[in-house]
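Work through these exercises with the model open beside you. Try each task before reading its solution.

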Amino acid sequence: MSGMFITFEGPEGAGKTTIIHMIHDQLKKEGYDVILTREPGGITIAEQIREIILNPANTAMDARTEALLYAAARRQHLVEKVVPALEHGKIVLCDRFVDSSLAYQGFARKLGIEEVYQINQFAIEDIMPQATLFFDIKPELGLERINKNKEREVNRLDLEKLEFHHNVRKGYLKVIEKFPNRIYSIDASKTIEEVYQVAYEKLISILNK
């Protein structure tokens, strides 16, 4: 595949969704052949699975069920949207990918990072991002931002206790240890403009490698 697959990761309230839209718009202006997508979602079937996973009413969902649903949505999204775009030489910017499952279900839900990685191997068939930008923020600050942002959707994960969000961040740090050459950590505690600037410069350096 001749395209470039770049993912954006981070805990709740890190600002990655805002940043990924800003970067996508800027790359478009500069003439890059780029598409923006998200997980879970990006295409109709995966968006329907997203509604099930993130529905605040589904508090009874088992952790393994959750991990399998994410993997199922990821598979459909890959074959229907991401892979065709990469085969056409596009830059694909994706808001979350497999690292989210490793941090959230693997570590925070205590299913095991390796175990969740194996579930996802079946779904992704070794298709991994060339680079990942990780937006790092302390859970207290991230959740404070969410509470202030009235326009943001409140999902099932936002209802988790603070300890869960601390474990998500710890999980991401473990994932960075697993993939140190792919994941670039960015301090997301600064203003959106400052974080955007750092992220954009890092992304351009990745594209120019």
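**Exercise 1.** At what angle do α1 and helix α8 pack, and how far apart are their axes?

*Solution.* Start with the ground rules. This is a predicted model, where local features need pLDDT of at least 70, side-chain atom pairs count only at pLDDT 80 or more, and totals for chains, interfaces and linings use all residues. Residues are numbered from 1 along each chain as its sequence is written, and side-chain values use heavy atoms, with hydrogens and water left out.

Step 1. Find the elements. Helices (H or I, at least four residues) and strands (E, at least two) are DSSP runs, numbered from the N terminus. Helix α8 covers residues 192-207. Helix α1 covers 16-29.

Step 2. Read the geometry. The angle between α1 and α8 is about 55°, and their axes are 10 Å apart. Axes are lines fitted to C-alpha atoms, for helices over the stretch in contact, and angles run from 0 to 180 degrees between N-to-C directions.

Step 3. Classify the angle. Angles under 35 degrees count as roughly parallel, over 145 as roughly antiparallel, 65 to 115 as roughly perpendicular and the rest as oblique. So α1 is oblique to α8.

Step 4. List the contact, meaning heavy atoms within 4.5 Å. From α1 come Thr-18, Ile-19, Met-22, Ile-23, Gln-26 and Leu-27. From α8 come Ile-192, Val-195, Tyr-196, Ala-199, Tyr-200, Leu-203, Ile-204 and Leu-207.

Step 5. Sort these residues. The contact of α1 with α8 has 12 nonpolar, two polar and no charged residues. Ala, Val, Leu, Ile, Met, Phe, Trp, Tyr, Cys and Pro count as nonpolar, Asp, Glu, Lys and Arg as charged, and the others, Gly among them, as polar.

**Exercise 2.** How do helix α4 and helix α7 pack, and how do the residues of their contact divide?

*Solution.* Step 1. Helix α4 spans residues 98-108 and helix α7 spans residues 162-178. They pack at about 125°, with axes 8 Å apart. That angle makes α4 oblique to α7.

Step 1. Members of the contact include Tyr-104 and Phe-107 of α4, and Val-168 and Tyr-172 of α7. The residues of this contact divide into nine nonpolar, three polar and three charged.

**Exercise 3.** Is Gly-10 buried or exposed, and which residues does it contact?

*Solution.* Step 1. The unreviewed UniProt entry lists Gly-10 and Pro-11 among the residues for "binding site".

Step 1. Gly-10 has 0% relative accessibility, so it counts as buried. Buried means under 20% relative accessible area, exposed over 50%, partly exposed in between (1.4 Å probe, protein chains only).

Step 2. Leave aside neighbours within four places in sequence. Gly-10 then contacts Lys-16, Arg-96, Tyr-104, Phe-134, Phe-135 and Tyr-172.

Step 3. Turn to Pro-11, in the loop between β1 and α1. Pro-11 is buried at 8%. Leaving aside neighbours within four places in sequence, its contacts include Tyr-104, Val-168 and Tyr-172.

**Exercise 4.** Which residues are joined by a cis peptide bond, and what is the phi of Lys-110?

*Solution.* Step 1. Recall the background. Most residues other than glycine have a negative phi, and most peptide bonds are trans.

Step 1. The cis bond joins Glu-39 and Pro-40, with omega about -15°. Pro-40 sits in the loop between β2 (34-38) and α2 (44-54).

Step 2. Lys-110 is not a glycine, yet its phi is positive, about 65°. Lys-110 lies in the loop between α4 and α5. Its relative accessibility is 63%, so Lys-110 counts as exposed.

Key: UniProt positions are given in the numbering used here, feature names are shortened, and annotations may be inferred rather than shown by experiment.
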